[in-house]
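Hi,

Here is the structure I promised to pass on.

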Amino acid sequence: MIVSLDNISLSFDDKSFILHQITSRVYEHSRIGLIGANGAGKSTLLNIINGDIEADDGTLARSNGKSIGILRQDGGLSGQNSIMSEMLGVFEHLNQMERDIRGLEAAIAETSPDSAHYIELERRYAELQACFEAREGYHTEVKIATVLNGMGFRGVNTETPVGILSGGERTRLAICKLLLQTPDLLILDEPTNHLDFKTLLWLEDYLAGYKRALIIVSHDRYFLDRLCSTVWELQNNELSVFSGNYSAYVRQKDERDQLVRREYEAQQREIAEMKDFVARNIVRASTSNRAKSRQKALERLEENLQKPKPAPKPPLIRFKKSRDPVRDVLTVKDLCVSVGQNERKKQLLSGLNLEVKRGEKLAIIGANGVGKTSLLRSLTGELKCAGMIEWGRNCDISYFDQSEGGFDGDKTALEALWNVYPREYEHTIRTALGRVGLTGENAQKPVCILSGGERARLKFARLMLSHGNVLILDEPTNHLDLGSKEAVDKALNEFDGTLLVVSHDRYLLNKFPDKILEMHPDGMKIYHGRYDRYIAQKQSEAPDAPTPGAKAEKKPGQTGSCYRTKKQRSEEAAQRSKLAGLESKIESLECEISRLEQEIGSPELAADYLLLQEKYEALESKRIELDECLDRWSRLVADD
């Protein structure tokens, strides 16, 4: 175990709790996703775990000798250092060890082999050399190059001063430094910000193979799904633990909330029945004692009764179209899009062709700067372009712009939305705002002081009132919390009109599209299906991907003959037997892990803390055993 939290509490001005009685554990192979609304206390909890903040109450225990690495806003980087010197600083202990080895080599060269000092020097040299090799001292430059290239610094001069890097580049460099440090507990707070698809996929693969503990704070649900086996949720200053990844958390959370509501409603019915019995029997001599006894039981029950704390209400988003368009919604031929003028003119798209049919749901992806937003602005007529763009009859187009514009910043949210739809009744405008959570004081705030999430929800209110049958959305889930993102997922999935959506949200891309359009500087390629299928198709297109029916490449030293000696056949049989045994054990372990996860997630176990702790420890033990089996299996397959 790396960290133990027991009844950790922290309050603000000794009045209101920031964190209240937080209890949980971080084990050697824990992979935890920490989620919660903005301001819920996630960063505070991480700082307590790291030792930067001291809790008011409770016990925090950290294992001796276990290192914790946390991604900070400035990354702990020095603006005066170069990229390479920052990376080499991680391995200063190995650099010093190498300097000591070089010093010993010089001393040995100057010492007589017959002297006792020579023997002592050789002994120290051998020990230091073995330690240096065991810590992969000769591979530091390879490790640095691998991490820098993976995090998007390929081709960047490593002598570049850190001080001239952009904020996003500094964040990525801080992640590089943390990955090279390989702490026993790696804490990453929103690591996916500023990452493109390629870098994000590399980081996911790297962290998937990370053999130590992880705590990740992220709004990227796909990222949490792939990397986390436990979810910590901070809500109402309290911590709830869910077994499984983010998708499992969503299911378990809904089931747990329904169970709590049913239990509370059943308790309310029992209280009502008891009150009715007392009211009817308290004055009757024959039943007075029973009524008084029931009244005491009722008082005890009401003292211990805890009403379920209300969860933050997610927005209720639903798109309805006023009419159906023709079958051929959109036809684009030889589209060319440019930005800038004269010598600053830059062509983003050239010769693009596209057809969209009624009811199709298309997601548009591509690298930053490839022209995705410019394409949408061209389709809506905001940006002049060359080529043909033809919309079908009865197409009512509604556009969700990711920019801050679209509303008068000096007007309140209510006034700004009413200005867009001046013929609507005030009740209709307020209802639309209420559905997206802009009620009361929030509806009277000037648009200019609304948060990014509130402005996004205001744009969704406008979109719902438009009743468009063609929705064009540019990064609709930016700035939204997890509950709002879930609401958008559901709304887009249920909408029976036509969708064109630009998004980096891979969880969303796995929910709604029929097709994914990947944009390149020289055009666009269409992939049928959702994000997981798109990734599978991309992998099959990779140059080193095996093609069906292709002959396997011979291994070095392998002859064309299929003859094998008795010894070779025996070794192969033994290899197959080991593989079969391991596969059987892996399957058994996976079943046991699944069973334990279901038991931990069951509401019946939630009240028994000791039994729940035993199940968690057993689960971690099985996961470690599974990792070891998978490592042995992969080595056997590689040697086969």
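**What I found**

Helix H11 (residues 372-379) lies across S10, S11 and S13 and runs at about 125° to S10. Helices here are DSSP runs of H or I with at least four residues, strands are runs of E with at least two, and both are numbered from the N terminus. Angles run from 0 to 180 degrees between N-to-C directions, with axes as lines fitted to C-alpha atoms, for helices over the stretch in contact.

Before going on: this is a predicted model, where local features need pLDDT of at least 70 and side-chain atom pairs count only at pLDDT 80 or more, while totals for chains, interfaces and linings use all residues. Residues are numbered from 1 along each chain as its sequence is written, and side-chain values use heavy atoms, leaving out hydrogens and water.

Now the sheet. It is open, with three antiparallel strands in the order S11-S10-S13; strands pair if DSSP finds at least two bridges between them. S11 (346-357) and S13 (386-391) are the edge strands, each pairing on one side only. Neighbouring strands are turned by 15° against each other on average, direction ignored. S10 (residues 328-339) is joined to S13 by five bridges, and cysteine 336 stands opposite alanine 386 in S13.

Then there's a helix pair: the axes of H13 (residues 426-435) and H14 (residues 452-466) come within 9 Å and cross at roughly 130°. Contact (heavy atoms within 4.5 Å) involves several residues, including Ile429 and Leu433 of H13 and Leu458 and Met464 of H14.

Cheers
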